[in-house]
Amino acid sequence: MKRVLSIQDISCVGKCSLTVALPIVSAAGVETAILPTAVLSTHTAFKGFTFRDLTDDIPEIVSHWQQEKIRFDGIYTGYLGSFRQIELVENIFAGFDHAGMLKFVDPAMGDNGKLYTGFDADFAKRMGGLCGKADIIVPNFTEAAFMLGEDFMDGGYSASDVKSLLKRLCGLGCPVAALTGVALEPDKCGVMAYDSRSGEYCEYYSEKLPVSFHGTGDVFASSCFAALMREKTLPQAFAAAVEFTVESIRRTIAHENHNWYGVDFESAIPKLLTILND
Ligand code: PXL
């Protein structure tokens with residue numbers, strides 16, 4: 001069985017980051033070690049959340065793993081809370097790297113043209129530096145714009161606008177960049193990616209639902225990463241992740257009193273497994 005590491009916060013309530021990554025990647029049949037970077041009472045869209053920073057624990061945890069000669073087949077990072085945490089993640093990438101270890105970075109920092117509470121433009125640029133050390137990155141348009149220091153493309157973009165944005169994202173240094181939340185037609189939404197090694201683009205779209213929920217980026221990233229660890233190709237992984245994310249949103253809005261803070265990915269897990277076992 002493959003063993004991977006996911007580095008992000010624990011938002012105790014909120015269905016994002018590790019409470020999404022751990023169940024999804026584990027259910028996919030991949031051993032999932034975690035490195036929690038902070039413990040929050042909820043994610044940052046709630047008011048009055050608590051935040052316990054765990055940055056100072058990270059070096060000791062990592063050095064214990066190194067003593068134990070723990071090896072990871074992939075590392076998936078999501079929400080990171082500070083410049084120092086980004087630097088520590090870069091050290092972890094370098095310290096555990098070996099041929100074939102997949103470094104997957106979701107620069108989870110914002111959505112709908114805005115950065116989440118606590119982040120600013122300098123932090124986004126620094127996250128762009130981490131993206132340069134990844135094998136694959138999966139930003140949305142907001143994160144892409146802030147990392148590149150560009151204006152947010154709020155709809156009205158063409159396929160060639162997205163293609164050139166993807167090339168600029170690969171210019172950060174990663175061989176593959178995938179942009180999420182791409183909607184080139186009114187009722188379709190999905191992902192477009194560029195592999196700078198082959199010069200090829202790939203894309204996958206599904207139904208665009210007229211709602212927006214927190215945590216969908218984490219559901220997408222976790223399932224995409226899990227699919228890649230299950231040896232799926234990039235196009236297969238994007239298809240699996242888009243369909244799983246859309247199914248999770250569909251199931252959420254089917255409940256009359258659904259959560260506002262996260263999606264019902266749990267009951268969609270059997271669907272993900274069917275896709276992955278195909
Ligand atoms: O879903 C991304 C995410 C992760 N972690 C925390 C967040 C968010 C989004 O708001 O607040 C703490």
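The model is predicted, and residues are numbered from 1 along the chain as its sequence is written.

**Aromatic pairs**

The structure holds 14 aromatic pairs. Begin by selecting Tyr76 and Phe225. Their ring centres are 5.4 Å apart and their planes meet at 40°, so this pair is tilted. Colour strand β4 (residues 74–77), where Tyr76 lies, and helix α7 (residues 216–229), which holds Phe225; the pair therefore ties together parts that are 149 residues apart in sequence. Are these two residues buried or exposed? Both Tyr76 and Phe225 are buried.

Next, select Tyr79 and Phe119. The centres of these two rings lie 5.2 Å apart with the planes at 50°, so this pair too is tilted. Tyr79 belongs to the loop between β4 and α3 (83–96), while Phe119 belongs to the loop between β7 (114–115) and α4 (121–131). The pair links distant parts of the chain, 40 residues apart. Tyr79 and Phe119 are both buried.

**A charge over a ring**

Select Lys163 and Tyr201. Here the charged end of Lys163 sits over the Tyr201 ring, at 5.0 Å from the ring centre.

**The largest pocket**

To find the largest pocket, select Asp111, Asn140, Gly181, Ser212 and Thr216, which lie nearest its centre among the 48 residues of its lining. The space in this pocket comes to about 1,300 Å³. Which elements give two or more residues to the lining? They are strands β1 (3–13), β6 (110–111), β7, β9 (176–182) and β10 (188–195), together with helices α5 (141–148), α7 and α8 (234–254). Colouring the lining by residue class will show 21 nonpolar, 18 polar and 9 charged residues.

**Salt bridges**

The count of salt bridges in the model comes to 14. Select Glu231 and Lys2 to see one of them, in which the closest N and O atoms are 2.3 Å apart. Glu231 is in the loop between α7 and α8, and Lys2 is in the segment before β1, so the bridge ties together parts that are 229 residues apart in sequence. Glu231 is exposed, its relative accessible area being 61%, whereas Lys2 is partly exposed at 26%.

Move to Asp195 and Arg197, whose side chains meet in a salt bridge with an N to O distance of 3.1 Å. Asp195 has a relative accessibility of 14% and counts as buried; Arg197, with a relative accessible area of 61%, is exposed.

Glu207 is partly exposed, with a relative accessible area of 37%, and Arg250 counts as partly exposed at 30%.

Methods:
Predicted model: local features only at pLDDT ≥ 70, side-chain atom pairs only at ≥ 80, totals over all residues. Heavy atoms only, no water. Phe/Tyr/Trp six-rings, centres within 6.5 Å; stacked < 30°, edge-to-face > 60°. Helix = DSSP H or I, 4+ residues; strand = E, 2+ residues; numbered from the N terminus. Buried < 20%, exposed > 50% of the residue type's maximum accessible area, 1.4 Å probe, protein only. Lys NZ or Arg CZ within 6 Å of the ring centre and 35° of its normal. 1 Å grid on protein atoms, 1.4 Å probe; cavity = no way out; pocket = protein on both sides within 12 Å on 5 of 7 lines; lining within 4 Å. Points joined across faces, edges and corners; volume = space filled by probe spheres on them. Nonpolar A, V, L, I, M, F, W, Y, C, P; charged D, E, K, R; others polar. Salt bridge = Lys/Arg side-chain N within 4 Å of Asp/Glu carboxyl O.
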